[in-house]
Amino acid sequence: MCLVMLALDLHPDYPLVLAANRDEFHRRPTREAHAWPDAPGVIGGRDLEKGGTWLAVAGRGALAVVTNYRDPSNRVTGGPSRGLLVSDFLTSAGTDAGTFVRDRTRPERGYDGFNLIAADAGGVWYGSNRGPVLELRKGLHGLSNHLLDTQWPKVRRTRARFEAALAHRQGTLSESLFDALRDTEGVADDELPRTGVPLEWERRLAPPFIVSPDYGTRCSTVITIDRARRAVLAERTFDAAGLETGMRTLELTLERLPGERPEAVNSSPAA
């Protein structure tokens, strides 16, 4: 993903809400969100080039999402695919989110720059191999291709629309969030981040939703998890012209909520 908004305990019905855009080269082979046949209980898209994914949810009550960290002057080549961070976490139930994030952000792991959010019963964690590891608490967090809550224009704009959707509760929450993700408005040159890519690319990458012939927003995803531990993953896919090519909705009943300790599960009614 290249834009992620995550709300924790800000909505009366949904303790976790996530909205995200995945930006990628259109030529990279991808499978849309589906139930993984090789990992029962996991739903999400799949990168068919390296085998990992950008975002997925597991029935054990785990979720993970990854973004690249844009720093062309400090590239790491020949390392493992960053998409494997998500799939490895969701298919390795023996390692809690905090331990996994701390381990995978160690420099000797050899990944190119990334940001990772991983959640399970032990908590919701953020980490980057270009920055800190943090446990996330109640609040709204925004992430693009720099560190968590870096106020790039696309993060600020989408955050404001995300907050409005959570607060107003008019219509369907998912529809409001998809509308927020569909923002194609550009950014003035003096507001652009300076990440080391050419100015033409900074302009192209600045909107929340990117449309260009070779690289752009391939899909938008909204995930809601309610207090009955029902996770709903809604995905819309797009072509190089930014036109919608498909939509799908997948559901899971989770064993527990992200951040929900085992003792809370034992003392609560069955979902």
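## Structural report on a predicted model

In this predicted model, Asp149 has a relative accessibility of 28% and therefore counts as partly exposed. Asp149 sits in the loop that runs between strand 10 and helix 3. Its phi is near 65°, which is positive in a residue other than glycine. Most residues other than glycine have a negative phi.

**The chain as a whole**

The protein chain has 6 helices and 13 strands. Its radius of gyration is 17 Å, close to the 18 Å that the globule rule gives for 271 residues, so the chain is as compact as a globular protein of that length. Taken along the principal axes, the C-alpha atoms fill a box of roughly 55 × 45 × 30 Å. Of the 271 residues, 54% are buried. The accessible surface comes to about 11,700 Å², and carbon and sulfur atoms account for 49% of that. Among contacts between residues at least 6 apart in sequence, 57% join residues at least 24 apart. As for charge, there are 35 positive and 36 negative side chains, and the centres of the two sets are 2 Å apart.

**Helix 1 and Leu85**

How many of the 8 residues of helix 1 are buried? The count is 6, so helix 1 is largely enclosed by the rest of the structure. The buried residues are Gly83, Leu85, Val86, Ser87, Phe89 and Leu90. They pack against strand 4 (42-47), strand 5 (55-58), strand 6 (62-68), helix 2 (97-104) and strand 7 (114-120).

Leu85 belongs to helix 1, which covers residues 83-90. Leu85 counts as buried because its relative accessibility is 0%. Apart from neighbours within four places in sequence, Leu85 is in contact with Val66, Phe100, Arg104, Tyr111, Phe114 and Leu116.

**Helix 3**

Helix 3 spans residues 153-168, 16 residues in total, and reaches 23 Å from its first C-alpha to its last, close to the 22 Å expected at 1.5 Å a residue. Pro153, Lys154, Val155, Thr158, Phe162, Ala165 and Leu166 are its buried residues. In an α-helix there are 3.6 residues a turn, so residues three or four places apart point the same way.

**Strand 12 and Val232**

Val232 is part of strand 12. Its relative accessible area is 14%, so Val232 is buried. Not counting residues up to four places away in sequence, Val232 touches Val222, Ile223, Thr224, Thr249, Leu250 and Glu251.

**Two residue pairs**

| Pair | Separation in sequence | C-alpha to C-alpha distance |
|---|---|---|
| Leu85 and Gly52 | 33 residues | 7.5 Å |
| Val232 and Ala121 | 111 residues | 18 Å |

Key: Residues are numbered from 1 along each chain as its sequence is written. This is a predicted model: local features need pLDDT of at least 70, side-chain atom pairs count only at pLDDT 80 or more; totals for chains, interfaces and linings use all residues. Side-chain values use heavy atoms; hydrogens and water are left out. Helices (H or I, at least four residues) and strands (E, at least two) are DSSP runs, numbered from the N terminus. The expected span of a helix is 1.5 Å times one less than its number of residues. Buried means under 20% relative accessible area, exposed over 50%, partly exposed in between (1.4 Å probe, protein chains only). The radius of gyration is taken over C-alpha atoms; the globule rule is 2.2 Å times the number of residues to the power 0.38. Contact means heavy atoms within 4.5 Å. Accessible areas come from the Shrake-Rupley method with a 1.4 Å probe; for residues, only the protein chains shown count as cover. Lys and Arg count as positive and Asp and Glu as negative; His and the chain ends are not counted. The place of a charge is taken as NZ of Lys, CZ of Arg, CG of Asp or CD of Glu.
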